[in-house]
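Here is a short note to read beside the model. Please keep the 3D view open as you go through the points.

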Amino acid sequence: MTLAQVEATARAAHAGQTDKAGRPYAEHLQAVAEGVRARGGDDEQIAAAWLHDAVEDGALSAEWLREAALSSRTKDIVLAVTKRAGEPPGTYAARILATPGALLVKESDLAHNADPARLAVLDEETRRRLTEKYARMRALLGRVG
């Protein structure tokens with residue numbers, strides 16, 4: 001799949017979905033993909049950024065991912081950043097760190113999720129909870145702040 005095809009697939013898969021602030025979910029996917037590009041990521045990582053929440057959110061199935069015309073590296077990154085039910089955060093972080101290319105995608109995801117302008121529209125309790133959650137994950141990934 002080309003990056004344009006991956007983007008179109010991700011947008012279609014998440015159509016009608018919104019983020020916690022009520023914004024179209026595709027805006028988050030685009031921001032993560034652009035963040036990966038800005039951080040020097042390659043096309044495989046950018047493709048994974050577009051798809052990073054697709055399996056976790058049930059927008060696309062794991063079977064779809066297995067069969068998709070994507071590189072094995074892109075598929076590995078998507079699976080690495082896909083949270084699993086009941087999985088401890090440390091196990092999740094270890095999988096990301098062990099998967100080549102996945103850390104950059106997760107860093108971009110966390111950066112957009114923790115964007116103060118994005119968090120500002122949320123209620124105080126949700127903003128506090130998410131800020132702490134993102135900081136804990138950054139620490140588990142060996143990142144400061």
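1. In helix 1, L3, V6, E7, A10 and R11 meet D43, I46, A47, W50 and L51 of helix 3. Meeting here is contact, with heavy atoms within 4.5 Å. Helices are DSSP runs (H or I, at least four residues), numbered from the N terminus. The residues of this contact are 7 nonpolar, no polar and 3 charged. Ala, Val, Leu, Ile, Met, Phe, Trp, Tyr, Cys and Pro count as nonpolar, Asp, Glu, Lys and Arg as charged, and the others, Gly among them, as polar.

2. This is a predicted model: local features need pLDDT of at least 70, side-chain atom pairs count only at pLDDT 80 or more, and totals for chains, interfaces and linings use all residues. Residues are numbered from 1 along each chain as its sequence is written, and side-chain values use heavy atoms, leaving out hydrogens and water.

3. Now look at L119, in helix 8. L119 is buried, with a relative accessible area of 6% (buried means under 20%, with a 1.4 Å probe and protein chains only). Not counting residues up to four places away in sequence, L119 touches N113, A114, R127, L130, T131 and Y134.

Technical notes
Helix = DSSP H or I, 4+ residues; strand = E, 2+ residues; numbered from the N terminus. Buried < 20%, exposed > 50% of the residue type's maximum accessible area, 1.4 Å probe, protein only.
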